[in-house]
Amino acid sequence: MITLKSNREIEQMKQSGEILANIHKQLREIIVPGITTKEINQFVQEKIEAAGATAVQIGFEGYEFATCTSVNDEICHGFPSNYRLKSGDILKVDFCVDYQGAISDSCWTYAVGEITAEHQALMVVTKEALMKGIEQAQVGNRVGDISHAIQTYAEGEGYGVVQDFLAHGIGPTIHEEPFFPHFGAAGKGTRLREGMTITVEPMITTGTWEAGIDGNGWTARTLDGSFCAQYEHSIAITKEGPIIMTQQSE
């Protein structure tokens, strides 16, 4: 079921999103060669709880961690571990915050130390694909307009668009309708209405779109071993245009 949020509810989600975005900003300082992804997870969980919020991913469908930490060819849902990041890695950190019943969700990709020009370009294109998708999140448009904008831009730049994982509605639960991919035809799918709150979260690779799942049943990675980047925002659909509720101010 799609839930339409009131202005008050959107303001509450913006507060949740601000907590989340501020933690992502702090991660810029600690994600360096030598830190483990388990230490990053602990940092995020402590910051969420210090803000009076809840790391709502813990326990979701049996998931045990506050974050997903996905390295290099891992697309998403990477488990925090004792792996020590090294220079040249790229790391996706994805997590959700529940603040007084309002949920926000955002993923960001971080360069670890010195990365290659190829992978720096991947990060730039992925972030731009996210923004091109968000530009289409207008009242009266359809979710396919978001999907099409992302696919045509990313593929036009020579990258793969992962097809196995979906954007989704958010609040009052982590995942709700509408679910939609980051590829497809414009003018198709659910029509966007004022008060809808959704995520946009393209996963873009330097190779093909094809993915497989590790033996843990969660972690997805590229079949060809290519690197993947992801950026995600939670947004609200309003008459004035999309509001990014997880915006990271500089």
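Tyr 63, Phe 65, Phe 79 and Trp 218 form one aromatic cluster. The model is a predicted one, and every value below is computed from it.

**Aromatic pairs**

The count of aromatic pairs comes to 5. Two of them are set out here.

| Pair | Geometry | Centre to centre | Angle between planes |
|---|---|---|---|
| Phe 65 and Phe 79 | tilted | 5.4 Å | 55 degrees |
| Trp 108 and Tyr 231 | edge-to-face | 4.8 Å | 85 degrees |

Take Phe 65 and Phe 79, which form a tilted pair. The pair links distant parts of the chain, 14 residues apart. Phe 65 lies in the loop between helix H2 (37-50) and S1. Phe 79 lies in the loop between strand S2 (74-76) and S3. Is Phe 65 buried or exposed? Its relative accessibility is 18%, so Phe 65 counts as buried, the limit being under 20%. Phe 79 has a relative accessible area of 29%, so this residue is partly exposed. Both Phe 65 and Phe 79 belong to the cluster with Tyr 63 and Trp 218.

Trp 108 and Tyr 231 form an edge-to-face pair. Trp 108 is buried, at 11% relative accessible area. Tyr 231 is buried as well, at 2%.

**A charge over a ring**

Lys 132 places its charged end over the ring of Tyr 153. The distance to the ring centre is 5.2 Å.

**The cavity**

How many cavities of 30 Å³ or more does a search of the whole structure find? The search finds 1. The volume of the largest cavity is about 40 Å³. Which elements give two or more residues to its lining? They are strand S1 (67-71) and strand S3 (90-99). S3 provides the largest share, 3 residues.

The lining is made up of Cys 68, Ser 70, Cys 76, His 77, Lys 92, Val 93, Asp 94, Cys 107 and Gln 230. By class, 4 of the lining residues are nonpolar, 3 are polar and 2 are charged. Cysteine counts as nonpolar, so Cys 68, Cys 76 and Cys 107 fall in that class. Lys 92 and Asp 94 are in the lining too, and Lys and Asp count as charged.

Conventions
Residues numbered from 1 in each chain as written. Predicted model: local features only at pLDDT ≥ 70, side-chain atom pairs only at ≥ 80, totals over all residues. Heavy atoms only, no water. 1 Å grid on protein atoms, 1.4 Å probe; cavity = no way out; pocket = protein on both sides within 12 Å on 5 of 7 lines; lining within 4 Å. Points joined across faces, edges and corners; volume = space filled by probe spheres on them. Helix = DSSP H or I, 4+ residues; strand = E, 2+ residues; numbered from the N terminus. Phe/Tyr/Trp six-rings, centres within 6.5 Å; stacked < 30°, edge-to-face > 60°. Buried < 20%, exposed > 50% of the residue type's maximum accessible area, 1.4 Å probe, protein only. Lys NZ or Arg CZ within 6 Å of the ring centre and 35° of its normal.
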